[in-house]
Amino acid sequence: MFGTIRKHSTWMWAIIIVVVVISFVIYFSPDARYHVLGRRGKSGFHVNNRPISGPEYEDALNEAKLQFFFRYGTFPDRTDEMARQNFHPEEAANSRLLLAELLRQMNIQVGIEATLRLRDELLTLATGGQTRDMAAALNAFEEQVLRKNQLSLLDFERFLRHEAGLQHLVELCGIAGRLTTPQEAEAIFRREHEELDAALVYFNASNYLASITNFPPEAISQLYSNRLAEYAIPERVQLVYVHFPLTNFWSQAITNLTRQTNMTALVASIYSRQPTNFWKDKDGNPLNEADAKARIEKDLIEDQARRLAMRAVNEFTHGFNLEKTNTLQDFIALAARSNLTVHTAKPFDLLEGPSDLKLPERAIPVLYRLQPEDPVLINPIPAEDGAYLFALKQRLPREIPTLDAVRNKVIEDYKHEQAKAMAKLRADIFYNTLTNGLAQGQNFTQICLDNGLLPIVLPPFSRVSGEVTNLPPAVTLNEVRNLLADLAPGNVTAIRESQHGYWLAFLRQRLPVDENKLKKELPVFLANLRERRQNEAANEFISRQYRNIPARLMESSRTDATAKGPRPKS
């Protein structure tokens, strides 16, 4: 029932949603610095002057793990997933402790019926609605999920009570948000769905590049001096590494999988859990059954190969002496003893990252921070093509190149600067012509054509439209929408600058909401608006109460601990 959960197969958990997300307001609150003072327990940690024992902290951490599980379909003790989802055990446990304290303070009593109802909802979601026998589902959940992650039914029951209490708290504290009237909702719906019929005139700097043919030496020299910071080569690092490619473990991965399970049956089971059009190619086109199953099988093999690669990396790291700081020479010597090739990466800076390696973005800052006095990163870095171990070879200081070294780039920048200035001059002249013409009752499109410009007519869009297809480069829909929000039809905006030129917008008309659309969609809109306002009101109230709880709780161990960390387990 729960047996097909896989670390890298999040698509299996696409149906799982967060029943209540408001507790994450606490978790991610910028106020989560625990002010405090008062009586402390032996551990030094307390909430509202009540000491926090070790077992109580562990209970809170177990609740946080379950909360993570029901949101992401996996548990946060898997290192790469924890980093990707930004899970920090101390903060997550602190959040649950403070939530429990808030429920106690407000005397929220959770009945057995509410607890069981939430339990059934979560188990139904977790099984994809494939079971109606909740007793059997609970037994399977205990055996296949809880026990395998060192959790118990008591942890689950405590988590349910607190989540049900939180739901009740949201309903109680957010009741003002549910008082939104149908008349108010209708006014908001009309404002949000009113469509704007508009056109743009765009002055692209690239249209003037060809006319820039003169490059005065003094102007080039001045531009170089003004932009020294842009032309500087930032501090870079150069790394050496050993690579454990997935391809080295592919055959063993297939052997392991076929020995452990019936691959054909497993693939068919996974395929059957989703609609047939769920599986798509890179262009978003649905895959046929054979190709979809081939994709699933490849994912399963890749997952197993990645586990084997990580195991091999961990075995390699056992050769390091953790009693001392390992040097670059130690890294190279250990690789030689293990018959592994040491590769040298191209130098890279913090913004660009290594161009010759396909590494996850979160790894770049960790690698960039390596220092000569502690050059070896013992924790492996998982990547698309396998796993890596890195050591710092050298740090290259920031450099200021000579004008001759970057002359071509400076000339290109000069051309773009001059072309953009010409685009601005052209836009200013046209703006004056346009506003004078409109004031005299002339037609917008005709004014554009008379001046050799072709307006860009936008498809009608509203405040809630997601995108418009024909916007010029570097012009965003939000920017256009905000400029036109309070503009009267028949008027033009001021000139706006974009990365590649200048533009202005003309509002032709406002299109009223279709009454049939309003009648059809307003009931759902009203319900969603009330729910959103309820959550906003509850968020505000709960966050305020949370900040008023005096507490001293465990500090989060972040970046450096994650970067260096303990030796990974095999």
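**Rings and cores**

Q: How many aromatic pairs does a search of the whole structure find?
A: The search finds 21 aromatic pairs, where rings of Phe, Tyr and Trp (its six-membered ring) pair if their centres lie within 6.5 Å, and planes under 30 degrees apart count as stacked, over 60 as edge-to-face and the rest as tilted. Please keep in mind that this is a predicted model, in which local features need pLDDT of at least 70 and side-chain atom pairs count only at pLDDT 80 or more, while totals for chains, interfaces and linings use all residues. Residues are numbered from 1 along each chain as its sequence is written, and side-chain values use heavy atoms, with hydrogens and water left out.

Q: What kind of pair do Tyr-241 and Phe-390 form?
A: Tyr-241 and Phe-390 form a tilted pair, 5.7 Å centre to centre with 50° between the planes. Because Tyr-241 lies in strand β4 and Phe-390 in strand β7, the pair ties together parts that are 149 residues apart in sequence; helices (H or I, at least four residues) and strands (E, at least two) are DSSP runs, numbered from the N terminus.

Q: Buried or exposed, that Phe-390?
A: Phe-390 is buried, with a relative accessible area of 0%, and Tyr-241 counts as buried at 10%; buried means under 20% relative accessible area, exposed over 50%, and partly exposed in between (1.4 Å probe, protein chains only).

Q: And why is the pair of Phe-320 and Phe-331 stacked?
A: Their ring centres are 6.3 Å apart and their planes lie at 25°, so the pair is stacked. Phe-320 sits in the loop between α13 and α14, and Phe-331 in helix α14, eleven residues apart.

Q: Switching topic, which residues touch the most other members of the largest nonpolar core?
A: Leu-300, Phe-316 and Phe-331 do, in a core of 34 residues, and a nonpolar core is a set of buried Ala, Val, Leu, Ile, Met, Phe, Trp, Tyr and Cys residues joined through side-chain atoms within 4.5 Å.

Q: Which helix gives the largest share of this core?
A: That is α13, from which ten residues come.

Q: What is Phe-331 in contact with?
A: Leaving aside neighbours within four places in sequence, its contacts (heavy atoms within 4.5 Å) include Val-240, Tyr-241, Phe-320 and Phe-390.

Q: Where does Lys-420 lie?
A: Lys-420 lies over the face of Tyr-502, at 5.8 Å from the ring centre, and Lys-424 lies over the face of Tyr-502 at 5.9 Å; a charge sits over a ring if NZ of Lys or CZ of Arg is within 6 Å of the ring centre and within 35 degrees of the ring normal.
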